[in-house]
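Colleague: I would like to go through this structure with you. Please tell me what each label rests on.

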Amino acid sequence: MLGALALCRNIKWIRTVAVVGSLMLIGLSIWVLCDYLDNRAAGNMAEMLWVGSYPWFTPLNINLAVGVDGISIVMLLLSSIIVFAGSFASWKIEQPKEFFLWLILLSTGVFGFFISIDLFTMFMFYEVALIPMYLLIGVWGSGNKNYSAMKLTLMLMGGSAFLMLGLIGIYYHSAPEGGQLTWNILEIAQNASIEKGWQYFLFPLTFVGFGVLGAMFPFHTWSPDGHASAPTAVSMLHAGVLMKLGGYGCFRVAMYLMPQAANDLAWIFLILTGISVVYGAFSACVQTDLKYINAYSSVSHCGLVLFAILMLNTTAMSGAIMQMLSHGLMTALFFALIGMIYGRTHTRDVRQMGGLMKIMPFLAVCYVIAGFASLGLPGLSGFVAEMTIFVGSFQDSDFFHRFFTILACCSIVITAVYILRVVGKLLLGPVQDKHHLELTDATWWERTSTVTLILCVAFIGCFPNFFMNLIEFTFNPEFFRALMPAVN
């Protein structure tokens, strides 16, 4: 796909290659899903399917090791859908060839990360996904784009430094004494060779390293500025998929490989993520820029993902993965709509807009649907994800866990406040600028992008069991026996 784009010169062909390529990604993701379900139905109970390993650097036992489970497949589906929607949302972008080349490189890093089971390879794809962000924001962004791009890059690279130290430490404690060191996640988990003392040191490094990308408090400040300055498709992919690398990495690496430290130190990060949930929601209430409102909303929702993972039970963790899927779709829808509105009004300040429901009814209705999904309206994906998280989190009977669960539940009310406030100011009431009366509604490519995301949000809300069954199989009993020794 990258090669085809590089050879294109005509703008029409560039767009066609981008859209066809994204359709192929969706098709391949669906094929992998169907084959995965067939294998499970046939009795294949392996922890991961299609596991393969190809040597890269033998002296350090670095391999291109890949494999997928239910969680990986859900993330692949999410990524392919958002890339497809983002391609249509960027239909009129300037310098389209260069833009789509960098966007596809970013997507390559994301897909590679989700299928990697070798820690070094996973880290490499993690960096491949981060590096294009600087140019995509710095060149095609808006507002104070240079500052935002630099701040995002420096903070995420700082997180990568913590992460690399943690991964190197895991590698050097990956095998029993006298055994061969390995980067392979499955082999490390099987060996269970990381001593408890080292887990206490390495777990915070890896959790913070991934947590920075997941916008965990107090390392979240790069996110609102980065989202506000990024072009529409980059904001969609960034909030919809890239931030999910943080939650996925925390679960797949930190929690899975160092269960004893996760069990003993979870309370520390539970406090930080609980603050993220409430702080992000309150911060969204006082913003006037549409992108900043959605960016702080993402801090709250992504904090809820890490919060649920740290609850250390199947229900809450399943809710966390559902929240990653749900938030990815609805925040991509939000950013797509904000970009379309901004392209017409040339402002993102809600105080300067009003009455858009009668001017551009299609975009306005889509925005209302996105808002309802965000505040957890039954029948949409947000309700399923958040209710699963709260039910799972309330299973812990001690005061500490239940206090923070109730605190996190309060974010629903706060979310309703800023969503309904924005809907009232933006879509209803009098028109603030008479020139807005001349604006047009959505074009066919904009409708394609938004309808795709809305259908996915509604499908998850109406048929959640399909995804829950896919996710819950991943949480094998051995994992939880190691994670919660006190229960046994």
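Colleague: How many salt bridges does a search of the whole structure find?

Modeller: The search finds six. A salt bridge is a side-chain nitrogen of Lys or Arg within 4 Å of a carboxyl oxygen of Asp or Glu. This is a predicted model, where local features need pLDDT of at least 70, side-chain atom pairs count only at pLDDT 80 or more, and totals for chains, interfaces and linings use all residues. Residues are numbered from 1 along each chain as its sequence is written, and side-chain values use heavy atoms, with hydrogens and water left out.

Colleague: Why is the pair of lysine 151 and aspartate 225 called a salt bridge?

Modeller: The distance from N to O is 2.9 Å. The limit is 4 Å, so the pair counts as a salt bridge.

Colleague: What does this pair tie together?

Modeller: Lysine 151 lies in helix H6 (residues 145-172) and aspartate 225 in helix H9 (residues 222-229), so the pair ties together parts that are 74 residues apart in sequence. Helices here are DSSP runs of H or I, at least four residues, numbered from the N terminus. Both lysine 151 and aspartate 225 are buried. Buried means under 20% relative accessible area, exposed means over 50%, and partly exposed is in between (1.4 Å probe, protein chains only).

Colleague: What makes aspartate 264 and lysine 196 a salt bridge?

Modeller: Their closest N and O atoms are 3.6 Å apart. That is within 4 Å, so this pair is a salt bridge. Aspartate 264 is in helix H12 (residues 259-285) and lysine 196 is in helix H8 (residues 196-213), so the pair ties together parts 68 residues apart in sequence.

Colleague: Why are aspartate 264 and lysine 196 called partly exposed?

Modeller: Aspartate 264 has a relative accessible area of 29%. Lysine 196 has 40%. Both values fall between 20% and 50%, so both residues are partly exposed.

Colleague: Which residues form the nonpolar patch on the surface?

Modeller: Tyr134, Leu135, Val139, Met150 and Leu154 form the patch, with about 410 Å² of accessible area together. Nonpolar patch residues (Val, Leu, Ile, Met, Phe, Trp, Tyr) have over 30% relative accessible area and no salt bridge, and their side chains are joined within 5 Å. The areas come from the Shrake-Rupley method with a 1.4 Å probe. H5 (119-140) gives the largest share, three residues.

Colleague: What makes leucine 154 exposed?

Modeller: Leucine 154, in helix H6, has a relative accessible area of 56%. That is over 50%, so leucine 154 is exposed.

Notes: Helix = DSSP H or I, 4+ residues; strand = E, 2+ residues; numbered from the N terminus. Patch = residues over 30% accessible without salt bridge, like charges linked within 9 Å, V, L, I, M, F, W, Y side chains within 5 Å.
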